[in-house]
Structure formats: C-alpha cells, structure tokens
Amino acid sequence: MHSLLSSTPRNYTIQQKVKYRLGQVGTKLLGAVAPEHQAELSRDYNFDAHVFHSQFASTHYGIMIPDLPEPYRYLSYASVIGDVGAKITKVSPKLTDLAPENTATLVHGTALSETNDAYKIYDIQHQLKFQQSPFRIDFAEDSSLYEEDGNYRLVSNLADLKVDLTLTPTDALTWFAHSSLYQHFSVLMKYSGTLTQHGKTIEISGLCTLEHWKAISVSMLPKQLLTHNLTLPLSSFSYQVVNLNAEEQLVLAFISFAGEPAYTAVSYRHVDGTSIQYEQAVFEVVALKTESLMTPDGYAMEVPQSFRWLAHHAGEKVLEILAVVDTPYCYGLAAGYVTSYQWTGEFKGQKAEGRGYLEFIDRR
C-alpha cells in the first residue's frame with residue numbers, strides 16, 4: 001500500500017528531497033502559474049487543437065459539471081488527444097495498438113455511466129475532425145464541441161447518453177500553466193440544455209467549466225530516444241470542481257512528480273469575472289476505499305474514500321472542506337477515474353456544503 005497522497009512534502013530521505021526538487025523545477029519549466037502571476041496573464045484565449053501548432057503534440061478538452069440533480073450527480077467530458085507520455089496519461093498497449101501520437105481518449109458520462117459506456121479510444125487521424133475558425137472538434141459520430149455565436153455547444157449522441165448544451169463564457173479565467181511548452185486554462189461557463197440517459201430527458205442549467213490545454217509530448221523526441229519506452233514520472237493527479245452556489249465556483253488541482261508533490265492550487269471564480277488563485281493550498285487524502293480498483297489495463301489503483309482541502313489567502317483561512325466519495329468511480333480520465341462526492345466545511349468563515357466533481361489518478 002502506498003502512503004496517502006498529500007501536498008505536504010515528506011522530505012525524509014535524500015531521495016525524496018531530490019524528487020521533490022526535480023518536481024518543483026519541472027513545474028516551473030512547464031510554466032505552472034503562481035497565485036501572484038494570475039492577474040498578469042492575458043485574458044485572451046483560444047481552443048485551437050495542437051494539430052494547428054507545430055510546437056505542440058497534445059490537446060485536452062474538458063467540460064465538468066459537479067452538481068447535476070439526482071441520480072446523475074455530475075457530467076464529465078474529458079479528452080486527451082495525443083498522449084503527452086506521462087504515467088498519468090499513458091494509454092497502455094494492452095488497450096490499443098495505436099501510436100501514442102495518434103491516440104485520443106474521451107470519458108463522457110454521469111453517475112449512471114459505467115466504464116464501457118463512458119470511455120472510448122479514438123484514432124486521431126481517422127476518427128477525429130478539427131476546425132480552427134470557428135472552433136470545432138468532432139469525435140467520430142459520438143460528440144461535437146464547437147463555437148457558435150459567441151457561445152459553445154456540446155452535442156453528444158452516445159448509446160445511452162445524449163447531451164445538448166449551450167455554454168456561455170464568463171470573464172472568469174484561470175491559468176494553470178502558461179509557457180511555450182504548455183498552455184492550460186479553465187473558463188467559468190454558464191450552461192443550459194438537455195440531458196437524456198436511461199430513456200429519460202431532463203432540462204439542466206447552472207455553472208460548469210470548460211478546460212483546454214496544448215502541450216509538448218514525449219512523442220516529439222527523436223525516435224531513437226523512444227526505444228526504451230520513455231515515460232515522464234508525473235505519478236499522481238487530481239482535478240476537482242465545486243459550485244459553491246449559482247454564481248461562485250472553485251477549481252482545485254494536485255499533481256505529484258515521482259511520488260512527491262509538485263503542484264497544488266485552489267482557485268475561486270465568480271460570474272462577475274472575478275478569478276483568484278489562493279496563495280496557499282493543502283490537499284490530503286484522509287482514507288482509501290477498502291479495495292483497490294482494477295483498471296482496464298490491469299493496474300490495481302488505490303482511490304480515496306475521503307479527502308480534505310485547506311486554503312489560505314492574504315493571511316486568512318478561506319476554505320476548509322472534508323469530502324466523502326459517494327459515487328462509483330468510472331475509468332477513462334487519461335489513466336484514471338472520474339466520480340463525485342459530498343463535502344462539508346467552511347468558506348470564508350461560513351458553514352457550507354455541496355457536491356463536487358473528482359478526477360483522480362494514482363500511478364505511483
């Protein structure tokens with residue numbers, strides 16, 4: 001059993017200290033954005049896929065809704081197009097014989113979805129279509145995400161999930177990374193539309209997030225360097241979304257390098273355009289599920305039963321929540337899972353509770 005994931009570095013041994021330092025250097029090299037730099041970055045963005053930019057080889061699109069009504073609970077739409085070559089994203093040869101640079105994965109479902117329904121692997125060259133202006137991406141005949149009259153549309157037609165949503169962007173933008181090697185951002189969106197699953201159609205509306213990255217990839221290296229199956233030691237990952245109410249949202253992220261924490265961030269957004277990355281953030285897994293989950297490629301992954309977040313800003317505690325996962329995990333977020341949870345705690349000194357969306361990968 002691994003130690004419980006935590007954003008607090010252990011640094012007990014020289015090896016742990018070296019791994020931690022390497023992780024800190026690596027995140028800076030990739031352009032991880034510090035809280036004090038958020039306001040300095042451009043508010044302009046685009047959703048161009050990497051195929052339109054020679055310096056990149058991987059793209060991500062994600063739409064996450066954390067608080068759908070029962071029994072749906074959450075909506076995931078999260079893709080990795082062109083494997084970056086990290087442990088947390090790598091698609092096992094046991095699952096596909098496509099080359100990493102030609103492999104796309106998409107997990108698209110709700111709490112009612114099982115892995116076989118929600119997770120698909122696509123041949124980028126033959127099954128995906130890209131359009132730069134206006135932006136559009138099609139995953140075979142399964143789903144389309146595209147720009148329309150200043151908004152964005154998600155239209156999906158899976159066997160047991162049909163979605164037709166209009167996403168209206170706010171001015172609240174969060175940068176996770178901003179460099180010539182990696183550009184990753186999240187936009188607070190208002191959404192409305194319909195969801196159909198298990199033969200029932202409901203109307204839904206609220207707050208969601210639309211995510212995008214363009215990144216370099218191991219596949220860009222000379223082929224002679226790839227004969228030893230080079231993999232970047234990004235070993236654990238969690239991304240989460242919490243809607244505090246009809247106007248406020250949190251996005252929370254954690255990444256580890258070779259088992260040591262490398263990046264932890266909690267960001268607050270408001271529909272009025274406010275976007276703040278809190279100065280200090282702590283993430284801790286409190287307890288694991290009693291049994292590991294077996295991934296489709298045969299990896300026994302330990303996943304959280306409960307975890308906590310703590311955030312401070314300007315010398316004051318602004319957030320403390322305890323979360324309990326109450327929804328089955330669904331495989332397909334890169335090399336890990338999506339699910340949802342209930343949380344209780346405090347936000348800016350007031351008691352609060354709600355639901356959250358969870359992405360979790362632990363490939364240590």
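Tutor: Strand β1 (residues 58-65) pairs with strand β11 (residues 200-215) in the antiparallel sense, and 7 bridges join the two. Please bear in mind that this is a predicted model. Within this pairing, M64 stands opposite T209 in β11.

The two strands belong to an open sheet of 11 strands, in which the pairing is antiparallel. The order across the sheet is β4-β3-β2-β1-β11-β10-β9-β8-β7-β6-β5, which places β1 between β2 and β11. At the edges are β4 (119-123) and β5 (128-131), each of which pairs on one side only. On average, neighbouring strands of this sheet are turned by 20 degrees against each other, direction ignored.

Let us turn to a loop. Between β2 (75-81) and β3 (103-109) runs the loop that holds K94. K94 counts as exposed because its relative accessibility is 66%, and the cut-off for that term is over 50%. Along the chain, K94 and G298 are 204 residues apart, yet 8.8 Å separates their C-alpha atoms. The side chain of K94 also has a polar atom 3.4 Å from the backbone oxygen of D297.

Finally, consider a helix. I14 lies in helix α1, which covers residues 14-30. With a relative accessible area of 69%, I14 is likewise exposed. Together with V18 and L22, I14 forms a nonpolar patch on the surface, and the accessible area of the three together is about 310 Å².

Note on methods
Residues are numbered from 1 along each chain as its sequence is written. This is a predicted model: local features need pLDDT of at least 70, side-chain atom pairs count only at pLDDT 80 or more; totals for chains, interfaces and linings use all residues. Side-chain values use heavy atoms; hydrogens and water are left out. Patches are made of residues with over 30% relative accessible area and no salt bridge: like charges are joined within 9 Å, nonpolar side chains (Val, Leu, Ile, Met, Phe, Trp, Tyr) within 5 Å. Accessible areas come from the Shrake-Rupley method with a 1.4 Å probe; for residues, only the protein chains shown count as cover. A salt bridge is a side-chain nitrogen of Lys or Arg within 4 Å of a carboxyl oxygen of Asp or Glu. Helices (H or I, at least four residues) and strands (E, at least two) are DSSP runs, numbered from the N terminus. Buried means under 20% relative accessible area, exposed over 50%, partly exposed in between (1.4 Å probe, protein chains only). Two strands pair if DSSP finds at least two bridges between them. Axes are lines fitted to C-alpha atoms, for helices over the stretch in contact, and angles run from 0 to 180 degrees between N-to-C directions. A polar contact is a pair of N or O atoms within 3.5 Å; within protein, one must be able to donate a hydrogen and the other to accept it, and residues adjacent in sequence count only if both atoms are side-chain atoms.
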